[in-house]
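Hi,

Here is the structure I promised to pass on.

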Amino acid sequence: MKTLPPVTRPPTTPFSRNHDPAPTEAQRGYQAFRPCLRWEFGFTCALCMLHEADLAEYGIGPTGLTTVEHIVPQSEDATQSNTYANCLYACRWCNRSRSTLPQHDGSGNVLLNPTTSAWADHFEAQDDQLAPKTGSGKYTEIAYSINHPLKVKMRATRRKTIERCRTLVLEAPTEIEELSRLLEFLVASNQMERADTVRRVARHLSDQVALARQALQRYQGIPVDADKACRCRPAPTMPPQVAEQLIEI
Ligand SMILES: [Zn+2]
Ligand SMILES: [Zn+2]
C-alpha cells in the first residue's frame with residue numbers, strides 16, 4: 001500500500017499539464033474536466049496541498065469538498081471558464097477564500113499559479129503550515145487562506161496518524177514474535193498466570209496493528225474512488241510532484 005507522507009513537501013517543480021481534455025461549450029462545462037484535474041494534481045489541492053484524504057475520510061465522492069478553481073475568475077473573463085489551462089484542482093476552502101480576488105495585489109505581488117511556479121520557491125513546510133517565503137507567496141497564502149486553522153489541523157491529524165500508525169505497523173510484528181516466544185517459555189515452565197497476561201498483551205497489540213492498518217487505508221495516495229479513466233486518457237497516472245512523496249507501507 002502506498003500512502004501519503006506524514007507531511008507533504010511543497011513541490012520543487014511546477015505541475016506540468018499532461019492532460020488535454022476535449023473542449024466543452026456547455027455552461028459550467030469545466031466540471032467535465034474534473035477527472036483530468038484530479039489526476040493532474042494527484043488528488044491534491046494545488047494551492048494548500050491538502051489531499052482528498054485529508055478532507056474526507058471515506059472518499060471525496062459527491063461531497064463538494066474539492067472544486068475547479070479558475071486562475072482567471074469567471075467574473076473577470078467568462079470566455080476562459082471552460083479553458084482547461086485556466087483550471088486548477090482546489091479544495092473548497094481555497095476556492096471560497098479567494099473568491100474573485102485579483103491576480104495582482106497592486107504592490108508587485110502576484111497570485112501564484114502552481115503550473116508555472118514551484119511551490120518550494122515560495123513556501124516551506126513548517127509546523128503543519130505552508131509558511132510563505134516571498135511576497136507573492138504571502139499574497140497567495142492570504143488569498144487562499146492556505147494556513148487557515150482548519151487546514152493546519154487537518155495537516156496535523158494526518159502527520160500524527162501516519163507517523164504513529166506506521167511505527168506500529170512496522171515495529172509491532174517483531175514485538176508480537178518476541179511475546180510469542182516468551183509465551184512458549186512461560187507455558188513450558190508452567191507459569192500459567194504470567195502466560196495469560198502475555199497472551200492478552202499480544203492480542204491487544206495485534207488488534208492495535210489491525211486498527212493502524214485500517215487508519216492508514218484512508219491515506220492512500222490514489223484514492224479508492226479514483227476515476228479509472230479521464231476525459232483524455234484511458235489510464236491516467238500520478239504527477240511526480242505527488243508520486244515521489246508517497247511511502248510504501
Ligand atoms: Zn485527462
Ligand atoms: Zn486548498
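Predicted model: local features only at pLDDT ≥ 70, side-chain atom pairs only at ≥ 80, totals over all residues.

The C-alpha centres of domain 1 and domain 2 are 39 Å apart. The domain assignment puts 2-148 + 220-248 in domain 1 and 154-217 in domain 2. On the domain 1 side 21 residues take part in the contact, and on the domain 2 side ten residues do.

Together the two domains bury about 1,300 Å², and carbon and sulfur atoms account for 47% of that area. Which residues of domain 1 supply more of its buried area than any other three? Those are Pro6, Asp54 and Asp128, which give 43% of what domain 1 buries against domain 2. Two salt bridges are found across this interface. Asp128 also turns up in a salt bridge with Arg159, side chain to side chain, at 2.8 Å from N to O.

**The zinc sites**

Now for the metals. Four residues coordinate the zinc ion (ligand 1): His19 through ND1, and Cys36, Cys230 and Cys232 each through SG, at 2.1 to 2.3 Å. The angles between these four donor atoms run from 101 to 116 degrees, which makes the arrangement tetrahedral. For reference, the ideal angle for four tetrahedral donors is 109.5 degrees.

Along the chain, the donors of ligand 1 are spaced H-x16-C-x193-C-x1-C. Here the pair His19 and Cys230 links distant parts of the chain, 211 residues apart. His19 belongs to the loop between strand S1 (2-3) and helix H1 (34-40), while Cys230 is in the loop between helix H6 (192-217) and helix H7 (240-243). Both His19 and Cys230 are buried.

The zinc ion (ligand 2) has Cys45, Cys48, Cys91 and Cys94 as its donors, each through SG, at 2.3 to 2.4 Å. Its donor angles are 103 to 120 degrees, so this arrangement is tetrahedral. The spacing in sequence reads C-x2-C-x42-C-x2-C. Cys45 and Cys48 are buried.

**Helix H4**

Is helix H4 (residues 135-144) mostly covered or mostly open? Mostly covered: seven of its ten residues are buried. Those are Ser136, Gly137, Tyr139, Thr140, Glu141, Ala143 and Tyr144. What they pack against includes strand S2 (66-70), helix H3 (92-98), strand S4 (123-126) and strand S5 (129-132), and H5 is on that list too.

Thr13 sits in the loop between S1 and H1. With a relative accessibility of 40%, Thr13 counts as partly exposed. Leaving aside neighbours within four places in sequence, Thr13 is in contact with Ala118 and Gln241. Thr13 and Gln241 are 228 residues apart along the chain, yet their C-alpha atoms are separated by 7.2 Å.

Pro173 is a contrasting case. This proline is found in helix H5 (residues 149-188), and Pro173 is partly exposed at a relative accessible area of 36%. Pro173 and Glu69 are 104 residues apart in sequence, and from C-alpha to C-alpha they are 45 Å apart in space.

Cheers

Methods:
Residues numbered from 1 in each chain as written. Chains lettered and ligands numbered in written order. Heavy atoms only, no water. Donors = N, O, S within 2.8 Å, 3.2 Å for Na, K, Ca; no water. Tetrahedral: all angles 85-135°; square planar, octahedral: opposite > 155°, others 65-115°. Helix = DSSP H or I, 4+ residues; strand = E, 2+ residues; numbered from the N terminus. Buried < 20%, exposed > 50% of the residue type's maximum accessible area, 1.4 Å probe, protein only. Domains from an automatic or database assignment. Contact = heavy atoms within 4.5 Å. Buried area = accessible area lost by both parts, 1.4 Å probe. Salt bridge = Lys/Arg side-chain N within 4 Å of Asp/Glu carboxyl O.
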